[in-house]
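I opened this entry to log a few look-ups.

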Amino acid sequence: MKVLYTALLALLLFPSCRRQSGDIDSFLHNAESLMNEHPEDALSIIRHIDRRKIYSSASRARYALLYSQALDKNYVDVTSDSLTAVAVNYYDRHGTRHERAMAHYYQGRVFSNAGDFDAAIHSYSLAEDAASGTDDYYLLGLINSAIGNLHYEQYDLAEALVRDRNAANCFHRAEAFYNEAVAIISSGIIL
């Protein structure tokens, strides 16, 4: 059923993705609305958008951020920051705190996938600074969890434990109980 749904969605979207840029924004909105519950469908929508038809820098940045997010949520490990750099460059100048936080978080994911600990920590720190001015506790939980994982890999267990506990607290406030349980289990492993 899921495959049929995705195929029908792609058939409906593919011809219309060649229209003007205003339609692109509606496709990006649809992808964003599906991102948390159906990330595979969000990725399918984004992949069918003709990037050559994206004319505004705001739409290019949104496309880059949503594409990065969809790839990450579908467990596609990207190691080049060419996509996230578009979002970071735009949102650092024109975005909200939440948009800056998201852009830097996903850039941190890319650097982490590439094994660049210093660049990943730097991006996550920028994401944390921007997100601390928002009430997006889920994103703060993701950031703390990612930083905790990097410290765990570097055998800095004390910092990893602090970050996992922060992540559990943030996930609890966001009512993301599965993520909270994972962060608690991670804390237990460190102990």
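How many aromatic pairs does the structure hold? I found five aromatic pairs. Rings of Phe, Tyr and Trp (its six-membered ring) pair if their centres lie within 6.5 Å; planes under 30 degrees apart count as stacked, over 60 as edge-to-face and the rest as tilted.

Ground rules next. This is a predicted model, where local features need pLDDT of at least 70, side-chain atom pairs count only at pLDDT 80 or more, and totals for chains, interfaces and linings use all residues. Residues are numbered from 1 along each chain as its sequence is written, and side-chain values use heavy atoms, with hydrogens and water left out.

**Rings.** I looked up Tyr105 and Tyr124. Their pair is tilted, at 5.8 Å centre to centre and 35° between the planes. Tyr105 lies in helix 6 (residues 97-113) and Tyr124 in helix 7 (residues 117-131), so the pair ties together parts that are 19 residues apart in sequence. Helices (H or I, at least four residues) and strands (E, at least two) are DSSP runs, numbered from the N terminus. Tyr105 is buried at 5% relative accessible area. Tyr124 is buried too, at 0%. Buried means under 20% relative accessible area, exposed over 50%, partly exposed in between (1.4 Å probe, protein chains only). Ring pairs also link Tyr106 with Tyr105 and Tyr124 into a cluster.

**Whole chain.** I counted 10 helices and zero strands. Of the 191 residues, 46% are buried. I also checked contacts (heavy atoms within 4.5 Å). Among those with a separation of 6 or more, 58% join residues 24 or more positions apart.

**Helix 9 against helix 10.** How do the axes of helix 9 and helix 10 cross, and at what angle? The axes of helix 9 (residues 157-173) and helix 10 (residues 177-190) come within 8 Å and cross at roughly 160°. That makes helix 9 roughly antiparallel to helix 10. Angles under 35 degrees count as roughly parallel, over 145 as roughly antiparallel, 65 to 115 as roughly perpendicular and the rest as oblique. Axes are lines fitted to C-alpha atoms, for helices over the stretch in contact, and angles run from 0 to 180 degrees between N-to-C directions.

**Ala167.** I picked this residue from helix 9. Ala167 is buried, at 0% relative accessibility. Leaving aside neighbours within four places in sequence, Ala167 is in contact with Gly141, Asn144, Ser145 and Ala183. Ala183 belongs to the helix 10 side of the packing. From Ala167 to Tyr138 I noted 8.6 Å, C-alpha to C-alpha, across 29 residues of sequence.
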